[in-house]
Amino acid sequence: MTAIAEAESPAGSGLGLLVASKFASTVAYSILWVLLPLHVYQASGSALVAALASAVNVLPFLLFGMLAGAVVDRSSPTRVMVWMETGNAAVLLCVPLLLATVGAPPLALIAVGFASATVYVWFEVASSAAIPSVVGKAGVFRANSYLWMAATVVTSIAAPVGFFLLDALRLGPTFALLAGCYLVSALLIAMMRLPAAARPDPGRAREPGAIWAGLRFIGGQPLLRAYTTVNVGVGISAGAVYGMLVVFASRALGLATDDYRMAWIMTASGVGALLGALAARRLKTAPPVGTARWLIGADLVLLLAYAAAPNWAVALAALLCWNTVHTCFMVVGISVRQMVTPLSLQGRVNAVGRMIAWGSVPLGTLLCGWLTEVVGPRQALALLAVCALASLVVAVRTPRTLTVEEATS
């Protein structure tokens with residue numbers, strides 16, 4: 001944590017606590033969404049019910065994201081985070097309680113998952129809103145780099161750790177352990193103290209129509225409007241890659257699902273995300289529009305290289321490079337958004353950004369799945385690369401003169 005504490009921050013220790021809490025929270029979140037669909041499928045034997053169990057992870061953000069943003073801007077982000085992590089612990093503890101009494105049928109577990117995902121919406125919005133308050137706007141690139149790296153490491157090991165816990169402890173104790181992770185996160189957040197100057201004025205969040213203020217701010221701010229627009233196309237094409245990794249490796253590269261090379265390809269994706277998060281902080285002073293153009297262009301080229309890869313080794317290299325570029329673009333976009341947005345609007349603006357990201361990625365997965373059945377996996381990826389191309393066109397048409405300094409003046 002020494003390097004983290006040296007971040008450009010008015011509250012260096014606050015960043016260390018924020019990263020540690022994000023690590024603990026992501027442990028619980030990632031393992032939960034590995035185990036819940038798996039257990040529901042094992043218990044029900046229905047692919048439809050298992051798909052429903054996975055879908056309830058995304059749905060709450062689309063339903064409640066903007067409301068969560070308004071709530072966060074009316075309060076202290078850290079206070080919201082503490083309450084939400086504590087609430088999520090209580091939700092997960094319902095599973096061992098149900099198992100000890102009436103049992104936990106698949107629909108009951110899906111309801112628990114929906115409640116947990118709903119609580120997580122408020123936490124995630126508050127977490128994004130807290131970053132500029134904790135580190136100052138000059139430190140958001142470095143902070144997001146650390147936070148993204150922590151989340152990537154945890155996500156990459158969530159599946160094996162989750163399977164081990166389920167096998168060693170069974171369902172009830174595993175959920176109790178995940179609840180403990182949320183409580184650890186809440187404790188770490190409670191230790192944070194925001195600088196008095198960084199606390200947002202809640203007055204604007206109480207105005208009529210405050211829920212829509214984030215959308216209006218993005219629409220009226222040319223730099224954020226451009227970044228938000230290009231995120232749609234980039235997100236759809238990314239969803240095609242992420243959601244179809246196994247299918248592409250099986251159908252396009254001819255790998256069996258138990259082939260060790262399948263695991264290497266997935267590992268390459270995780271390594272790329274780590275490298276991208278690390279590289280993003282180096283682009284803090286780079287022109288935002290020019291950065292977006294180069295990163296989206298590289299994203300498009302590498303996506304097409306991955307789709308055309310003749311063998312697993314070339315696919316692995318292309319995927320690693322693609323996810324490095326894609327993750328770098330995502331972290332840069334989040335950081336630019338936080339730097340441009342006033343503290344009083346951080347919750348609502350970041351909620352809109354996350355809603356767009358969470359909506360476009362699963363849309364890309366669904367479209368790619370359908371197109372794969374119609375035209376094949378390589379052709380499906382190539383067709384959805386058109387979405388990234390559209391984002392590149394928008395970026396090219398965006399004036400290079402738009403800067404973060406101009407947007408915040």
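## Starting at Leu109

Leaving aside neighbours within four places in sequence, Leu109 is in contact (heavy atoms within 4.5 Å) with Leu36, His39, Val40, Val95, Ala104 and Leu171. Leu109 is found in helix H7; helices here are DSSP runs of H or I with at least four residues, strands are runs of E with at least two, and both are numbered from the N terminus. With a relative accessible area of 1%, Leu109 is buried. The cut-offs are under 20% for buried, over 50% for exposed and partly exposed in between, using a 1.4 Å probe and protein chains only. Cys94 sits 15 residues from Leu109 along the chain, and their C-alpha atoms are separated by 9.4 Å.

## What kind of model this is

This is a predicted model, where local features need pLDDT of at least 70 and side-chain atom pairs count only at pLDDT 80 or more, while totals for chains, interfaces and linings use all residues. Residues are numbered from 1 along each chain as its sequence is written, and side-chain values use heavy atoms, with hydrogens and water left out.

## The chain as a whole

It's helices throughout the secondary-structure list: the protein chain has 18 helices and zero strands. Along the principal axes, the C-alpha trace spans about 55 × 55 × 45 Å.

Of the 409 residues, 55% count as buried. Take the contacts between residues at least 6 apart in sequence, and 85% of them join residues at least 24 apart. The chain exposes about 16,900 Å², with carbon and sulfur atoms supplying 70% of that; the area comes from the Shrake-Rupley method with a 1.4 Å probe.

## The nonpolar core

The largest nonpolar core has 128 residues, and Tyr306 and Phe329 touch the most other members. The largest share of this core, 16 residues, comes from helix H7 (residues 106–135). A core here is a set of buried Ala, Val, Leu, Ile, Met, Phe, Trp, Tyr and Cys residues joined through side-chain atoms within 4.5 Å.

Not counting residues up to four places away in sequence, Tyr306 touches Val241, Leu245, Phe248, Ala315, Ala318, Leu319 and Leu381. Phe248 turns up again as a contact of Pro377, along with Arg251, Ala252 and Thr372, once neighbours within four places are set aside. Pro377 is found in helix H17 (residues 377–397) and is buried at 14% relative accessible area.

## A buried glutamine

Gln338, in helix H15 (residues 312–340), counts as buried at 0% relative accessibility. Beyond its neighbours within four places in sequence, Gln338 is in contact with Ser128, Ile131, Pro132, Lys137, Val140, Asn144, Gln346 and Asn350.

## Two exposed residues

Arg170 sits in the loop between helix H8 (140–169) and helix H9 (171–190), and counts as exposed at 54% relative accessibility. Its phi is near 75°, a positive value in a residue other than glycine. Most residues other than glycine have a negative phi.

Glu373 belongs to helix H16 (residues 346–375) and counts as exposed at 56% relative accessibility. The C-alpha atoms of Glu373 and Ser46, 327 residues apart along the chain, are separated by 21 Å.
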